[in-house]
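Open the model in your viewer and keep the selection tool at hand. The tour goes from stop to stop and says what to select at each.

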Amino acid sequence: MNKNSRKIVTSYIDPDMDGIGSMYAYVEFLRKKGEVAEYYFEGTPKKEVGIVLEKFKIQLKCANKVSKDDEIVIVDNNELNFIPKGITQEQIIQIIDHHPRRPWLDNNTKVNCQIELIGAAATLIAERFKNENIEISKESAILLYYGIISNTMNLKIKLTSLRDIEIATWLKEKVPELTDEITKEIFIKKSEIGDNIENEMEIGFKNPMVKIKWSIGQLEIANAEEFLLKYESEIRAILDRVSAKNDIEYISVNIMDILNGYNILIAGNKKTADLLSENFDFFKFKNLKAKTTKFISRKELVRVIAERYKK
Ligand SMILES: [Mn+2]
């Protein structure tokens, strides 16, 4: 491809903190290496992104559009169904991600891939700055830090690797404003999602890797039990509506209490509760609801299910 072409860094539609942080910082990295680069995203970033941007007075400048001549870098994603519309597979030159590798990449020698199953894609981006000794801006450090904190639930879930912890510490040391108090404040603010629960759950897609019609959402909430007193019936209505609309047989939502470190799993129907308790002995359902002290993320649940019901 043309050496002078512009690189566009993108992630998946409706990106989360990890996706936004990774694309923002990777553009900075590329520019500091002399490349022409911009980031582009579609949809609505997760609520937490807005909270972090506002807290630290950071503004995003998304590219207006992607053109056919742009070379595409995808961060925090390698599933083609999830990338912005209009981007073709042929444009993709690089992937930096921490999700399991999708089959389209199996015999692909054109795409430069770094896929490592650690806590956050932001870790992989931050390591590039550190390893190549490239100065990182305060903005990129903040966004990458919260990408890691968000994806690893404050470095608590099992998927968190030593590399995530080390690079988060490295980023935190660079920015004095990154304190544990601010992180707690962000977690609490992030839980106020009464007006936008469905979007935050990310529940619309059937998982394409498995032969069962399965989807699991996730909510990260500061006080999960209190939250459910108020919103459980609305969540159940969303599960019913989404499963009917998208032909999903097994539907559930994993609610993680990010302050207190426990989970509540809400199953949309009995079939789903049975399937989950069959595969995870720590889920004991009562009224299609299971509370567990095991602090487990959707990614970890997905990996077990994807292995068991592989296509
Ligand atoms: Mn991620």
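A residue is called buried if 20 or more other C-beta atoms lie within 10 Å of its own, exposed if 12 or fewer do, and partly exposed in between, with C-beta atoms placed from the backbone. This is a predicted model, in which local features need pLDDT of at least 70 and side-chain atom pairs count only at pLDDT 80 or more, while totals for chains, interfaces and linings use all residues. Residues are numbered from 1 along each chain as its sequence is written.

**Stop 1: a loop.** Select Asn154, which sits in the loop between α4 (138–151) and α5 (162–174). Helices (H or I, at least four residues) and strands (E, at least two) are DSSP runs, numbered from the N terminus. Asn154 is not a glycine, yet its phi is positive, about 60°. Now select Leu155, in the loop between α4 and α5. Leu155 has a positive phi of about 65° although it is not a glycine. Leu155 is partly exposed, with 16 other C-beta atoms within 10 Å.

Stop 2: Select residues 224–245, which form helix α8. Its 22 residues have end C-alpha atoms only 27 Å apart, short of the 32 Å that a straight helix would reach at 1.5 Å a residue; the expected span is 1.5 Å times one less than the number of residues. Where does α8 bend? Centre the view on Tyr231, where α8 bends by about 70°; the bend is the angle between axes fitted to the seven residues ending there and the seven starting there.

Next, colour the buried residues of α8, among them Phe227, Ile235 and Leu239. The buried residues of α8 pack against α7 (197–201), β6 (214–221), β7 (250–257) and β8 (262–267). Contact here means C-beta atoms, placed from the backbone, within 7 Å. After α8 comes Asp247, with a positive phi near 55°.

**Stop 3: the core.** Select Tyr26, Ile125 and Leu144, the residues with the most contacts inside the largest nonpolar core, which has 80 residues. Such a core is a set of buried Ala, Val, Leu, Ile, Met, Phe, Trp, Tyr and Cys residues joined through C-beta atoms within 7 Å. Tyr26 touches Val9, Val73, Val75, Ile96 and Ile125, leaving out residues up to four places away in sequence.

**Stop 4: two domains.** Colour domain 1 (7–186) and domain 2 (197–308) separately; the bounds come from an automatic or database domain assignment. Their C-alpha centres lie 25 Å apart. The contact takes eleven residues from domain 1 and eleven residues from domain 2.

Methods:
Two residues are in contact if their C-beta atoms, placed from the backbone, lie within 7 Å.
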